[in-house]
Amino acid sequence: MASYWFKPESVEFAFGGRPLSIETGRLAKQAAGAALVTYGETVVLVTAARAKPRPGIDFFPLVVDFVEKTSAAGKIPGGFFKREGRLSDREVLVSRFIDRSIRPLFEEGYNDETQIIATVLSADGENAPDIPAFVGASAALSISQIPFLGPIGAVRVGRVDDLFVINPSPEQQEEANLDLVVAGSRGALVMVEGGANDALEEDILEALKLAHAEIVHTIDAQQELQDRVGVPKLQMPAPRDRSEVEAKVREKAEARLAEAVQIRVKHERYAALKEIDDSVVQEFEGAYRSAPAQLDTLAAVEDRQRGLRDLSGDVKHVLHDLRSELIRKRIVDVGERIDGRGSADIRPIACEVRTVPRPHGVAVFTRGETQAMVFTTLGGKYDEQTIDALTSRTSKPFYLHYNFPPFSVGEARMQRGPGRREVGHGNLAERSLQTVLPDLEDFPYTIRLVSEVLESNGSSSMATICGATLSMMDAGVPLRAPVAGIAMGLIEEGDKVAILSDILGDEDHLGDMDFKVAGTREGITALQMDIKIRAVDWAVMERALAQAREGRLHILDCMEKETSGDFEDFKPRAELSRYAPRVEVIHIKPDRIRDVIGPGGKVIRAIQETTNTKLDVGDTGMVTIFSPDTEALNRAVTMVQDLTQEAELERIYLGKVKRITDFGAFVEIFPGTDGLIHISHLAEGRVEKVTDVLQEGDEVLAKCIEIDPTGRIRLSRKEALVDALAEADA
């Protein structure tokens, strides 16, 4: 539905030491709200639109799309069609970041179909467009009629050389050992996600406080813009009065629900709750149908049907709220959770490796009713994932794919590829493990992880992290340290607070916070947090981080104990799987690269075809040779070494005479490399003619006695014979 505009307005403020401006009223004026955000030379247009209300919708249909147009960076899309296609993983991740932050902030009862589109119009390569897109989404909603309880803001925090940096540049991000994206309102954080290199809990807390202080500046600017535009918000009707229905539902169902929510097995609990819900709804519907009514007109019949739908909806709504209330009160009042655990207790953990024989590495991690089977596959340089980003093209030698099949939660539905949730969970797990991987110089493999979630009741992304650690250890990947992850929850009822470790799916749904933390024994490597409460209590955040650390260490202890028969001292296997390919790295001088490549790639193709290997030659002279066959690998290594070996002083070679001159003989000491034996170094005493001693094609011992600055080699047959005789006498 189109909004209306009075005149163009804009605000500008300092953000991370650089000006950021928000403009509205000039572009996309038929949207409900539009904001043009400029940060450096990065420009993002964000629009908010709502469709006409549709009756009968009992959920909030919100869609957020972050779109990076290649024209923004002066590029043309690749592929046959030469136009942008489905969203990339990065675009999906930014879309999720905005969606998760704004979704809880719409007024209750607002169910109009709403769409946020953030389009990158210009990208300067220095100022990432994701944070401007977030600010623009909040601004577009705030100045529209849409009943959004904002504005909110977001900021990126990095730490470089022990100093926190707001919205770091790409170069600073490369050096940073902490990278967090934080979103918040004036009084609270609403979303956090990012990675770190063994960050301490107090460092994370300090970064969050700094981020929140900076976020307030973005909120102030948006509030000023909202006040200037002055578009009135939609007035939502007062919530339905369900007090009468609630009283009757409590009378009929409260005692039964209180017993059902204590059933500890998920599918048994769900079955019991469904039976209660169905029976209560049927009872109310039966009483409504049996009540006398005058149905002499079509309008009366429609009113009767509408009344029945409203009653059913009210009963289901009250039943849902009553279940949540009973569970929350039992947690904070009694200290007992749905499955009988205390607030800091973690469900039983089981670990298994080499579950099936052929994968390079495989592990099954089970925690309660959550189970992930994670596979590790090792590949070569050519298996790296190419990332064609907006302003750069890079390769990833490590990536993780997360799959969540419907049977993992007892459902049956069509599988249509990974959705946004799977992309997000996979990225979180990948980020958690990134900092413990070995350097490519030490372990020159591409590593692909695939997590198949086999059961889910709780955080399957954290189970994926634990399973991935064990899977890579099983594959022989020399990790710096094992990583584990845990999902934390929060229940606030008045002045009572319960922080929950290893939350169930139901506790995630009805709780006030979902806080995932992954890390080693030393510190945090990644975290993700969604908060539903309206105010942040830093003391509670500190307690949650401390309790998460205790849980993480407990899980690492369990992983070590469970695999004590497979790993010595809880370290990766010393040998790769016999099914894993082998990789060898050779370093040659950059000026010898041409010898390995050959004219038009002729030499490198010949090596690959002859040995059935794959070679990658880097600009620095690093040659990576990859083959599943050790013998073939060794042959390729020898061929490359023969092509690129360098002469060594004092070394004796068996060479072949290639050319005779009046002053000496040119001898090939190895393929492509000749040296000169001067006539004075052919033998003891005077030699009149070179041909008196050597002929073309002769094999001759020659000692390298000099390599001049231009690379020319001088050899001596005389000294080689002396050394050979001396060695024989010895």
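Predicted model: local features only at pLDDT ≥ 70, side-chain atom pairs only at ≥ 80, totals over all residues.
Where is the place of Pro151? Pro151 sits in the loop between H2 and strand E7 (153-160).

**Figure 1. The whole chain.** The chain contains 15 helices and 29 strands. Its radius of gyration is 34 Å, well over the 27 Å that the globule rule gives for 730 residues, so the chain is more spread out than a compact globule. Along the principal axes, the C-alpha atoms fill a box of roughly 130 × 65 × 50 Å.

**Figure 2. An open sheet of six strands with mixed pairing.** The strands follow the order E1-E2-E3-E4-E6-E5. At the edges stand strand E1 (9-15) and strand E5 (62-68). Each of these has a single partner strand, so one side of each is left without a neighbour in the sheet. From one strand to the next, the twist averages 15 degrees.

**Figure 3. Strand E6 and its two partners, E5 and E4.** E5 and strand E6 (residues 114-122) run parallel and are joined by seven bridges. Two facing pairs can be picked out here. Val63 stands opposite Gln115 in E6, and Phe66 stands opposite Ala118 in E6. Strand E4 (residues 42-50) pairs with E6 in the antiparallel sense, over eight bridges. In this pairing, Val44 stands opposite Val120 in E6.

**Figure 4. The crossing of helices H1 and H2.** Two packed helices are described by the angle between their axes and the distance between the axes. For helix H1 (residues 89-102) and helix H2 (residues 130-142), the axes come within 10 Å and cross at roughly 40 degrees. This angle makes H1 oblique to H2. The crossing is right-handed. On the H1 side, the contact is made by Arg90, Val94, Phe97, Ile98, Ser101 and Ile102. On the H2 side, the residues are Asp130, Ile131, Ala133, Phe134, Ala137 and Leu141. Sorted by class, the residues of this contact are nine nonpolar, one polar and two charged.

**Figure 5. The packing of helices H5 and H6.** Helix H5 (residues 243-260) and helix H6 (residues 266-290) have their axes 10 Å apart and pack at an angle of about 160 degrees. That angle makes H5 roughly antiparallel to H6. H5 passes H6 in a right-handed crossing. H5 brings Val245, Lys248, Val249, Lys252, Ala253, Arg256, Leu257 and Ala260 to the contact. H6 brings Arg269, Ala272, Leu273, Ile276, Asp277, Ser279, Val280, Glu283 and Phe284. By class, the contact of H5 with H6 has 10 nonpolar, one polar and six charged residues.

**Figure 6. An open sheet of three strands.** The order is E22-E24-E23, and the pairing is antiparallel. The edge strands are strand E22 (582-587) and strand E23 (614-617), each of which pairs on one side only. The twist averages 15 degrees from one strand to the next. E23 and strand E24 (residues 622-627) are paired in the antiparallel sense over four bridges. Within this pairing, Val617 has Val623 in E24 as its bridge partner.

**Figure 7. Backbone details in two loops.** Gly150 and Pro151 are joined by a cis peptide bond, with omega about 0 degrees. Pro151 belongs to the loop between H2 and strand E7 (153-160). The other residue shown is Asn167, in the loop between strand E8 (163-166) and helix H3 (170-175). Phi of Asn167 is near 50 degrees, a positive value in a residue other than glycine.

Definitions and conventions
Residues numbered from 1 in each chain as written. Heavy atoms only, no water. Axes fitted to C-alpha atoms, helices over the stretch in contact; angles between N-to-C directions. Parallel < 35°, antiparallel > 145°, perpendicular 65-115°, else oblique. Left-handed = near helix turned anticlockwise from the far one by under 90°. Contact = heavy atoms within 4.5 Å. Nonpolar A, V, L, I, M, F, W, Y, C, P; charged D, E, K, R; others polar. Pairing = 2+ DSSP bridges. Rg over C-alpha atoms; globule rule 2.2 N^0.38 Å.
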